Each structure stands twice: as C-alpha cells, then as structure tokens.
Amino acid sequence: MHRCWKTLLIVAILLGSQAHGASILYERPDWMTPIAPFKIADNLYYVGSQDLASYLIVTPQGDILINSSLEASPALIRKSIEQLGFRFTDVRILLISHAHWDHDAGSAEVKRLTHAKYMVMDSDVPVVETGGAKDFTYPKVRYPPAKVDRVLHDGDEVRLGGAVLVAHKTPGHTRGCTTWTMRTMDMGKPVNVVIVGSWNVNKEFRLVDKPGQPASYPGIADDYRKTFQLLKTLPCDVFLGAHGAYFDMLAKLDRSKAGAGQKVWIDPEGYRTTLAERQKTFEAELQRQEAGDK
C-alpha cells in the first residue's frame, strides 16, 4: 500500500453481517479511476488504474495477470484487457505483489471468472486465504478469501508459453512481499523488467521491538534490510511497481504520448535513484523509532 498520498484517504467502517465479516473500505480516487491500457514491452501490458498497477503478460498458451487489486477492480481490469484485444478468460495464472487489499482483494473474483491458478509467496498465503484476517497490521480490513493453488518460495519461476517470471521474496511491507522480474523484448532488444512489490514503511508499522510496543512482526527491520540489499542486485532496464507512483507512471505516460513512445519505460537510473531514496527513508524511520519517537 503506497504511503505518500497527496489525495484524500477516506476511511469508512462498514459493520454488518457480510459473509466475510466486518470490512473497511479505503478509497482513493486514483485507485479506481480508469486509464487507457497500454503496451510496455513486447508481451507486457499495463491493465490497471491510475495508481493501482496490474500487468498482463501475453503468451501463446494463455496469459499471466499480476495484481487483482481492490474487490471492485476486476471489472476495470477485464475492460482494460479487452480494450487491448485480448480475452479476460485467457488468464491462466494470477500473481500478486503483496497481500494487502489494494493488490489482492479482487483475487477470488478473478479466479471465479477465469479459473486461473493463484500463485502466492509462502509468507503471504495465510493472509490471502483468510481474506486479510491474518495481516500483521490491518486484520480488520477484510475481503473475500481466495484459495492459493501454488505456494511460491524465494527464487521460484513461474512459466507459461515461453514467458518466465522469477519471484523474489522482498519482505518487510508484508511478510511475503514479492518483486517480480522477467526478461522480454523491447523494440527488438532484450530487456530486464523489475516489478517492485513494495519498499515502503507504512505509518502504522513498528520496526523496533520495545516493552509494551512490539514490532509489527519479529525481524521486520532485518527483512527490510535484506530487501534493499536484494533489490540492489537485480538488473533493471524496465522499472515498474505495484503502484504507478513508484515509477512515476503518469508523467512517463504523458511523455510517451508526446512522442517518446515505449522508450520511456526504460529507466535503470530511475530505479537506482528511487531505490536509494526509499532505503534512506526506511533508515530514517528506523532511527526515529529507535530514538523512542514512536
């Protein structure tokens, strides 16, 4: 879940007798505002909203969808896929960036409509299968649970129709936060794609374990450190992420429409710069909490 919001966050607590219990609706206008879907590279397309990123990898044997987003998002994602000329029912595999409701709450519906195989990183499985009930910070934010068909582990490959995605466990934001990498072609040249799961420390997270104020989960700070070290090792040409804001998507899209074309998505320097900035922000928050400010 992206932390640095400039638009209003509206929180409405809905108490009722829904099958999955009390739910909390977090609404940001750009989370459900459609944009025209677009091609990023050879077989890689953006099919999300203005900020909640969903990606479609098209293959001859069916397609891979990354991120089902909000419970209400599947209709938007489906429309985007169909606008590109593809069929929603051709989605064979469903993946996520991490187990927060803004990336996985629509998974049960996507599975119902497409019969896709749902593949999730090991430490996020309990959260998605309980519809958020086992989230370490947001257990009251509930959504339809979805059965995981394949439990992934760090370094596992997901293969379909010649496409190969590698699941890198980058924990901290969630225990099983996943950064996806793949190689594809872009304008006739091979490129390395990195889709960052998350590197943000949400304001509710406790990084330091103190009497009466336990860490959000044991080892969370060490997990963030490991995540930043791993992300530094990934070769990156095409820089993407779980939110469009991670990689300055809207500004790049404007440049693309102005004539720059697909080359705007080639941004290794942007990846390195943003990674360094996010690590600096984490370290500052850790020092602040260690000093007793939280």
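Is phenylalanine 86 buried, partly exposed or exposed? In this predicted model, phenylalanine 86 has 22% relative accessibility, so the residue counts as partly exposed. Buried would require a value under 20%.

Its partner is tyrosine 45. The two rings form an edge-to-face aromatic pair, 5.1 Å centre to centre, with 65° between the planes. Tyrosine 45 has 13% relative accessibility and therefore counts as buried. The pair links distant parts of the chain. Tyrosine 45 sits in strand E4 (residues 44-46). Phenylalanine 86 lies in the loop between helix H1 (74-83) and strand E7 (91-95). The two residues are 41 residues apart.

Another pair involves tyrosine 46 and tyrosine 55. Their ring centres are 5.7 Å apart and their planes stand at 85°, so this pair is edge-to-face. Tyrosine 46 and tyrosine 55 are both buried. They also belong to one aromatic cluster, whose members include Phe38, Trp199, Phe239 and Tyr246. Across the whole structure, a search finds 15 aromatic pairs.

Now turn to helix H5, residues 220-233. H5 has 14 residues and reaches 20 Å from its first C-alpha to its last. That is close to the 20 Å expected at 1.5 Å a residue. Which residues of H5 are buried? They are Ile220, Ala221, Asp223, Tyr224, Thr227, Phe228 and Leu231. These residues cover an arc of only 155° around the axis, which puts them on the same side of H5. An α-helix has 3.6 residues a turn, so residues three or four places apart point the same way. On the other side of H5, Lys226 and Thr233 are exposed. What covers the buried residues of H5? The cover includes strand E12 (178-186) and helix H7 (268-290).

Is arginine 175 buried, partly exposed or exposed? Its relative accessible area is 32%, so arginine 175 is partly exposed. Leaving aside residues up to four places away in sequence, arginine 175 touches Ser123, Asp124, Phe136, Lys169, Tyr217 and Pro218. Take Phe136 from that list. Phenylalanine 136 and arginine 175 are 39 residues apart along the chain, and their C-alpha atoms are separated by 8.7 Å.

Terms used
Residues are numbered from 1 along each chain as its sequence is written. This is a predicted model: local features need pLDDT of at least 70, side-chain atom pairs count only at pLDDT 80 or more; totals for chains, interfaces and linings use all residues. Side-chain values use heavy atoms; hydrogens and water are left out. Helices (H or I, at least four residues) and strands (E, at least two) are DSSP runs, numbered from the N terminus. The expected span of a helix is 1.5 Å times one less than its number of residues. Buried means under 20% relative accessible area, exposed over 50%, partly exposed in between (1.4 Å probe, protein chains only). The arc is that of the directions from the helix axis to the C-beta atoms. Contact means heavy atoms within 4.5 Å. Rings of Phe, Tyr and Trp (its six-membered ring) pair if their centres lie within 6.5 Å; planes under 30 degrees apart count as stacked, over 60 as edge-to-face and the rest as tilted.
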